[in-house]
Amino acid sequence: MPTLDIVQELTRAVLCVIDIAFIHQALSRLLNCTPDIRIAAIGLGWSFADTISYRIPFLWMHAFKAEWDWSNIFIGLGASFYLLLATSITHLVWLRGASASKLSSSQKRFATIALVCALTVPPFLEAILRANFPALTWAPHAVTAVVAACSYLVSSGLSRSSTITTTTH
């Protein structure tokens with residue numbers, strides 16, 4: 001039975017922080033396009049890199065089998081959920097950094113909490129689910145889907161409230 005490896009999960013958390021630093025740098029350097037295009041480009045690039053590095057090799061190794069199983073479909077669904085998660089995390093980083101002057105202090109705190117939760121909850125819950133319930137192959141993807149939907153709702157709500165705040169004042 002697989003166990004939870006704390007060192008591996010802490011390494012993953014440090015790499016998430018490094019990812020966020022690079023996302024912030026990319027958002028601040030892409031100045032020739034609108035914020036919507038910046039967020040979409042960086043979110044798509046980040047999820048594309050994740051797909052290439054984690055999901056494509058597994059699918060490629062199993063593509064030569066005579067039959068596919070449900071794990072291949074779950075990998076594809078997980079990639080779709082991760083696309084939404086990466087785009088909403090990029091949007092939260094942009095809301096927290098670039099447009100921070102448009103947000104109130106409580107909205108800044110909420111964006112920071114949502115960003116930390118979106119980065120830390122999926123890896124740790126996925127590791128716990130894989131260690132304790134290895135038969136539930138769909139559960140880690142469900143966690144990613146729920147966190148992606150929540151972070152999308154938070155980022156779009158904060159974006160709408162910041163535009164409403166700036167247009168009324």
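Leaving aside its neighbours within four places in sequence, which residues is Ser151 in contact with? Select Ser151 and you'll find Leu85, Ser88, Leu92 and Ala118, where contact means heavy atoms within 4.5 Å. A quick word before moving on: this is a predicted model, where local features need pLDDT of at least 70 and side-chain atom pairs count only at pLDDT 80 or more, while totals for chains, interfaces and linings use all residues. Residues are numbered from 1 along each chain as its sequence is written, and side-chain values use heavy atoms, with hydrogens and water left out.

Stay on Ser151, which sits in helix H5 (helices are DSSP runs of H or I, at least four residues, numbered from the N terminus). Ser151 counts as buried because its relative accessible area is 4%, and buried means under 20% with a 1.4 Å probe, protein chains only. Its side chain reaches the backbone oxygen of Ala148 at 3.1 Å.

Next, select Trp46. Ile20, Trp46 and Ile89 touch the most other members of the largest nonpolar core, which has 28 residues. Such a core is a set of buried Ala, Val, Leu, Ile, Met, Phe, Trp, Tyr and Cys residues joined through side-chain atoms within 4.5 Å. H3 (70-97) supplies its largest share, eight residues. Beyond four places in sequence, the contacts of Trp46 include Asp19, Tyr82 and Leu119.

Last stop: show Arg12, Asp50, Tyr54, Arg55 and Glu126, which lie nearest the centre of the largest pocket among its 33 lining residues. By class, that lining has 19 nonpolar, eight polar and six charged residues.

Methods
Buried < 20%, exposed > 50% of the residue type's maximum accessible area, 1.4 Å probe, protein only. Helix = DSSP H or I, 4+ residues; strand = E, 2+ residues; numbered from the N terminus. 1 Å grid on protein atoms, 1.4 Å probe; cavity = no way out; pocket = protein on both sides within 12 Å on 5 of 7 lines; lining within 4 Å. Nonpolar A, V, L, I, M, F, W, Y, C, P; charged D, E, K, R; others polar. Polar contact = N/O pair within 3.5 Å; in protein donor to acceptor, adjacent residues only side chain to side chain.
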